[in-house]
Amino acid sequence: SWRQEDRAGGQNHGNLSRLRSPSLEIREKEIREKGSEILREQLDAAKRELKLKDKECERLSRVRNQLEQELEELTASLFEEAHKMVREANVKQAAAEKQLKEAQGKIDVLQAEVTALKTLVLTSTPSSPNRQLHPQLQPSGTRGAYKHAGGHIRNKSTSGPFSSSPGKPEPSSVSIPPVAKEDREMDSVLYAEFLMWKDHPSLDRSSAFLSRIYREDIGPCLSFTRSELSQLVQSAVENNSLTIEPVAMSALPMVKASAIECGGPKKCALSGMIRLCRHRIKLGDKESYYYISPSSRARITAVCNFFTYIRYIQQGLVRHNVEQMFWEVTRLRREMTAAKLGFYLTDQG
């Protein structure tokens, strides 16, 4: 009986297991399907994310390549610019060194001129001229045509070469006294014109001061027979580009212009007169030289001395007071007048 019961129980259990199997299978199948769906969704999401990351990597790669290219171009540009700057710096340095050498040369020349100017303006005054700088002030018995103190002295019959009457030479009357004082009186009009010019000094001849001097002194002093050459000489003097140099008597004239234009060792190019020409002039950068007589040289030199002094005043290099400047200008004007009248100094010996 008990065996029958066991057999009956086994049968019931088998029936129950057969009843539960389909439901479990269905559920397991649903679970598997659902799990597969979830996995597919996760896989798709991962694929999408991976695709986005690929796109981002591609974009970053393009940016990197672009930056590398720009960096290379910038580096090349910087190197080229650096080389260009170095070349320009070298060129500028060479130009600066050249200008420095030229400036040093000009400074040396200017220092020499300033030294000479100091010697002139500090040791020579109208009341007490430096006789070493003005050899015409030194008395000499051999200078019969030009004996005066700093210029032509008028109305002094006892001190000039014209005091003795013809046929009655009086040596004592033609000699200069050892101590002589020159009297003078300032012209108020001339002084006023000089003061107006001194307030704003310039080389413009439109001022009343220079206009008068051009009219009364410079123009007549540089008025030679050859008027065209005279104008060139005056322009060169005004521009400070005229050169006067001594000539050895054995030297031959240059063949840069006609013989009539340049004159010769025995013919003055300015006056056209037959004279022994110991000097010649050069006008600016021109290659021609013009032989000049001692009288023509004295006239040109007198005008050059005047222009030199007023240039020094204009540049502020003269330390005298205004009255001393005026008398020095007056003395230089007197030298131009004397040179125009034919008085000049010659080297003795």
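**Notebook: charges and rings**

I started with the charged side chains and found Glu193, Arg212, Glu216, Asp217 and Arg333 linked in a network of salt bridges. My rule for a salt bridge was a side-chain nitrogen of Lys or Arg within 4 Å of a carboxyl oxygen of Asp or Glu. By this rule I count 10 salt bridges.

A note on the basis: this is a predicted model, where local features need pLDDT of at least 70 and side-chain atom pairs count only at pLDDT 80 or more, while totals for chains, interfaces and linings use all residues. Residues are numbered from 1 along each chain as its sequence is written, and side-chain values use heavy atoms, with hydrogens and water left out.

**Arg331**

Next I looked up Arg331, which has a salt bridge to Glu328 with the closest N and O atoms 2.6 Å apart. Arg331 also meets Glu335 in a salt bridge, at 2.5 Å from N to O. Glu328 lies three residues from Arg331 in helix H8 (residues 322-340), and Glu335 lies four residues from Arg331 in helix H8, about one turn. I took helices as DSSP runs (H or I, at least four residues), numbered from the N terminus.

Is Arg331 buried or exposed? Arg331 is buried, with a relative accessible area of 12%. I used under 20% relative accessible area for buried, over 50% for exposed and partly exposed in between (1.4 Å probe, protein chains only). Glu335 is buried too, at 11%.

**Arg205**

I then turned to Arg205, whose side chain meets that of Glu238 in a salt bridge (2.7 Å, N to O). Glu238 belongs to helix H5 (residues 227-238), and Arg205 to the loop between helix H3 (188-199) and helix H4 (208-221), so I noted a link between distant parts of the chain, 33 residues apart. Arg205 is partly exposed, at 41% relative accessibility. The charged end of Arg205 also sits over the ring of Tyr214, 4.0 Å from its centre; here I required NZ of Lys or CZ of Arg within 6 Å of the ring centre and within 35 degrees of the ring normal.

**Rings**

Tyr191 and Phe326 are edge-to-face, 5.2 Å centre to centre with 85 degrees between the planes. Tyr191 is in helix H3 and Phe326 in helix H8, so this pair ties together parts 135 residues apart in sequence. I paired rings of Phe, Tyr and Trp (its six-membered ring) with centres within 6.5 Å, calling planes under 30 degrees apart stacked, over 60 edge-to-face and the rest tilted. Phe326 is buried at 5% relative accessibility.

Technical notes:
Helices (H or I, at least four residues) and strands (E, at least two) are DSSP runs, numbered from the N terminus.
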